[in-house]
Amino acid sequence: MTAPKKLYIKTYGCQMNVYDSERMAEAMGGQGYVETDSPEDADMILLNTCHIREKAAEKVYSELGRFRGLKTEKPDLKIGVAGCVAQAEGEEIMRRQPLVDLVVGPQSYHRLPELEARVRNGEKALDTDFPEEDKFEQLRSRPRAQRGPTAFLTVQEGCDKFCAFCVVPYTRGAEVSRPVDRILTEARDLVERGVREITLLGQNVNAYHGAGPDGDWSLARLIWALNDVDGLERIRFTTSHPNDMTDDLIEAHGTCDKLMPYLHLPVQSGSDRILKRMNRSHTADSYLRLIEKIRAARPDILMSGDFIVGFPEETEADFQATLGLIEEVRYGYAYSFKYSARPGTPAAERPMVEAAEADDRLQRLQALITRQQHELQDAMIGRTVKVLFEKPGRFPGQMVGKSDYLHAVHVQGEGLSKGEICPVRITGSGANSLAGERA
Ligand code: SAH
Ligand code: SF4
Ligand code: F3S
């Protein structure tokens with residue numbers, strides 16, 4: 001028997017890339033590869049990349065440069081680029097970085113085994129098609145390895161919204177939903193392998209409309225079906241668009257017991273003038289009214305969001321409107337970014353806000369968000385929440401897990417085990433996590 005070949009995968013970007021990396025590792029398992037966490041040991045290195053902001057995309061080239069020495073030492077080493085940079089700049093990558101053997105876009109990764117065979121023959125391989133066949137279906141012969149207590153499950157992919165700043169509709173393609181039966185089968189399979197919490201993924205997950213036994217199902221219907229899967233204890237979903245937050249989904253937040261009280265609902269800006277230029281097709285007010293409705297269904301829900309500051313032509317008054325919206329919502333968590341012009345998107349043609357001004361706005365916005373996050377974290381002290389333990393902490397006898405509200409919680413105590421869901425009394429609040437003891 002020959003020794004297995006080793007695959008090193010590095011993942012950038014969103015959770016969907018994390019899910020895709022797992023699928024690619026499984027596909028390569030069929031080619032006799034096992035995963036390694038060190039690039040020095042690898043026979044193949046695969047970077048699963050993100051194109052969302054310029055910094056994310058540039059990282060790929062600097063990372064590739066670092067592998068030059070390895071490839072000189074080990075001429076048989078194959079280097080591949082997957083994900084959204086591969087999709088957007090496939091040919092340019094091959095040109096700019098001759099040590100790259102293989103480029104595979106996010107919709108073609110089920111073809112990775114064929115591409116690998118070609119590079120083993122000394123060819124270069126590039127596949128950035130949007131093929132007809134369903135990549136998920138092509139990857140069903142999965143190894144039945146035991147899994148950790150939490151997992152991602154992609155249910156929807158791509159986006160038809162074309163926000164003026166965003167590359168996703170170009171890199172991931174049009175919006176597609178997976179059929180209901182495939183998702184339920186995959187969920188049951190995950191549960192059999194030890195998973196207790198599933199996060200349903202999609203760039204526009206709440207636009208889900210997959211084929212069910214009796215016509216298309218909404219995300220809410222899918223969640224209700226998952227609610228009946230024995231052994232599955234928690235359901236989450238991300239990322240949602242405000243315009244697809246339908247009444248049945250809002251209602252599920254109040255009535256579906258396995259659906260967790262956390263919602264990531266990006267708004268990007270609190271200024272209607274900017275929202276319009278972003279092509280977001282919602283207003284600050286419609287977003288606030290939507291949150292009122294969600295909180296009426298589930299008063300304790302923890303809200304998180306995404307913000308872009310320094311979008312072209314954003315004035316101080318526009319920015320103040322964003323701060324005002326944040327004050328009204330009170331976020332438990334938020335991601336904020338300085339606008340990055342992406343080639344090929346409509347906003348890239350417009351005049352930029354001065355960099356120093358954008359940096360200053362980002363700092364002010366982040367200070368406000370951090371204050372809110374800490375206020376909401378501090379309010380948890382003394383309360384008892386359920387925590388799903390995910391891994392041992394830094395100290396002996398410590399476990400780290402997530403609350404219903406997705407707070408990271410460090411728990412000290414004897415006999416705590418991974419995968420267990422326990423009531424925990426919160427005793428302290430840190431920079432990005434809570435501390436507690438078993439109640
Ligand atoms: N589908 C999700 C988010 C996808 S990208 C949604 O509709 O909101 C994740 C986040 O990256 C976005 O919410 C946005 O805040 C940020 N982002 C996207 N393009 C960006 C750009 N060009 N510059 C800065 N941030 C960007
Ligand atoms: Fe990008 Fe999200 Fe807008 Fe789609 S809805 S274009 S993924 S920001
Ligand atoms: Fe990045 Fe592609 Fe995800 S651009 S955020 S990896 S969809």
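Two strands count as paired here if DSSP finds at least two bridges between them. Helices (H or I, at least four residues) and strands (E, at least two) are DSSP runs, numbered from the N terminus. With that in hand, Phe-389 stands opposite Gly-401 in E18.

This is a predicted model, in which local features need pLDDT of at least 70, side-chain atom pairs count only at pLDDT 80 or more, and totals for chains, interfaces and linings use all residues. Residues are numbered from 1 along each chain as its sequence is written, chains are lettered from A and ligands numbered from 1 in the order in which they are written, and side-chain values use heavy atoms, with hydrogens and water left out.

**Domains**

- The chain splits into domain 1 (5-127), domain 2 (146-260), domain 3 (296-379) and domain 4 (384-438); the bounds come from an automatic or database domain assignment.
- Between the C-alpha centres of domain 3 and domain 4 there are 29 Å.
- Seven residues of domain 3 touch eight residues of domain 4, where contact means heavy atoms within 4.5 Å.
- Domain 3 and domain 4 bury about 620 Å² between them, with carbon and sulfur atoms giving 42% of that. Buried area is the accessible area (1.4 Å probe) that two parts lose on being put together, summed over both.
- On the domain 3 side, Asp-300, Leu-302 and Gln-377 supply 67% of the area buried against domain 4, more than any other three residues.

**The six-stranded sheet**

- Six strands make an open sheet with parallel pairing, in the order E2-E1-E3-E4-E5-E6.
- Strand E2 (33-35) and strand E6 (125-127) are the edges, each pairing on one side only.
- From one strand to the next, the twist averages 20°. Axes are lines fitted to C-alpha atoms, for helices over the stretch in contact, and angles run from 0 to 180 degrees between N-to-C directions.
- Strand E5 (residues 102-104) runs parallel to E6 and is joined to it by three bridges; Val-104 has Asp-127 in E6 as its bridge partner.
- Helix H2 (residues 54-66) lies across strand E1 (5-11), strand E3 (44-49) and strand E4 (78-82), at about 165° to E3.
- Helix H5 (residues 112-120) lies across E1, E2, E3, E4, E5 and E6, running at about 165° to E5.

- Five bridges hold strand E10 (residues 197-201) and E13 in a parallel pair, with Leu-201 opposite Thr-238 in E13.

**Antiparallel pairs around E17**

- Strand E17 (residues 384-392) pairs antiparallel with strand E20 (residues 421-429) over five bridges; Lys-386 stands opposite Pro-423 in E20.
- E17 also pairs antiparallel with strand E18 (residues 398-403), again over five bridges.
- The hairpin of E17 and E18 has five residues between the strands, and Gly-397 takes a positive phi near 80° there.

**Ligand shells**

- A residue is put in a shell if one of its heavy atoms lies within 4 Å of the molecule.
- Around ligand 2 you'll find Cys-159, Lys-161, Phe-162, Cys-163, Phe-165, Cys-166, Val-168, Pro-169, Asn-204, His-241 and Arg-280.
- That ligand 2 shell has seven nonpolar, two polar and two charged residues. Ala, Val, Leu, Ile, Met, Phe, Trp, Tyr, Cys and Pro count as nonpolar, Asp, Glu, Lys and Arg as charged, and the others, Gly among them, as polar.

- Phe-162 isn't a glycine, yet has a positive phi of about 50°. Phe-162 sits in the loop between strand E8 (156-157) and helix H6 (168-171).
- The Thr-238 to Thr-239 peptide bond is cis, with omega near 0°. Thr-239 belongs to the loop between E13 and helix H9 (247-255).
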